[in-house]
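Hello,

Here is the structure I promised to pass on. Please open it first, then read my notes below.

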Amino acid sequence: MIELILSRHGETLENQQHILQGQLPGTLSPLGKAQAENLAEILKDERLDAVVSSDLARSYETALAVAKRHGLTPHQTPLLREMDWGVYTGQRLDDVDWLNLPPSVESVEALYQRATDFIRYLQDNFPDRRIIAIGHGAFNRAIITYLEGKKAIEMIDLPIMENTTRVYFKI
């Protein structure tokens, strides 16, 4: 059994401006750096066998803060990357019509499949371990939806995970 702590990166400068970063690296804001350190402080006395992060800078930098406190090195994987926003990447967009995404945007079904692949990646590479995975708002919804046994489209009903919030699962 894997014990998974799913978290989101610290706040970015782009988050402050409501910019869809998608698979851009992102830059942690001063608050985001403090959130990463706070997450590390909160988890300092918890057992962690591995830290897994998206390979995007905002998640990796958050993961580094946590990993340092545990003497670990984060494992990066593109499977944990944020949703590819296609033509919307880098733009401000307050309302997304999830049921009518343009072809350049990663579909809800593709996100769900990638969430499935990510969980398999954990099972193959970190069996019987306690892991923190630091990802992204939209993609973490896909992971939660998958782990709760829901259909892909149900992810759009979940709220975006707040920066450095934690959700615990046993897989």
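Lys44 is partly exposed, at 39% relative accessibility. Its side chain meets that of Glu41 in a salt bridge, 2.8 Å from N to O. Glu41 is partly exposed too, at 35%. Keep in mind that this is a predicted model.

The count of salt bridges comes to eleven. Another one pairs Glu37 with Arg69, with the closest N and O atoms 3.6 Å apart. Glu37 sits in helix α2 (residues 30-43) and Arg69 in helix α3 (residues 57-70), so this pair ties together parts that are 32 residues apart in sequence. Glu37 has 35% relative accessibility, and Arg69 has 37%.

Glu148 and Lys150 also form a salt bridge, at 3.2 Å from N to O. Both are partly exposed: Glu148 at 42%, Lys150 at 30%. There is a network as well: Glu3, Glu46, Arg47, Asp49 and Arg130 are joined by salt bridges that share partners.

Next, the largest pocket. Its volume is about 560 Å³. The lining has 22 residues, and Arg8, Asn15, Ile19, Leu20 and Ile160 lie nearest the centre. Helices α1 (13-16) and α5 (137-147) each give two or more residues to this lining. α5 gives the most, with three. By class, the lining holds nine nonpolar, seven polar and six charged residues.

Last, is Ser53 buried or exposed? Ser53 is buried, with a relative accessible area of 0%. It belongs to strand β2 (residues 50-54). Beyond its sequence neighbours within four places, Ser53 contacts several residues, among them Tyr60, His75, Leu80 and Ile134.

Best wishes

Terms used:
Residues are numbered from 1 along each chain as its sequence is written. This is a predicted model: local features need pLDDT of at least 70, side-chain atom pairs count only at pLDDT 80 or more; totals for chains, interfaces and linings use all residues. Side-chain values use heavy atoms; hydrogens and water are left out. Helices (H or I, at least four residues) and strands (E, at least two) are DSSP runs, numbered from the N terminus. Buried means under 20% relative accessible area, exposed over 50%, partly exposed in between (1.4 Å probe, protein chains only). Contact means heavy atoms within 4.5 Å. On a 1 Å grid over the protein atoms alone, a cavity is a set of points where a 1.4 Å probe fits but cannot get out, and a pocket is an open set with protein on both sides within 12 Å along at least five of seven lines; lining residues have an atom within 4 Å of a point. Grid points are joined across faces, edges and corners, and a volume is the space filled by probe spheres set on the points. Ala, Val, Leu, Ile, Met, Phe, Trp, Tyr, Cys and Pro count as nonpolar, Asp, Glu, Lys and Arg as charged, and the others, Gly among them, as polar. A salt bridge is a side-chain nitrogen of Lys or Arg within 4 Å of a carboxyl oxygen of Asp or Glu.
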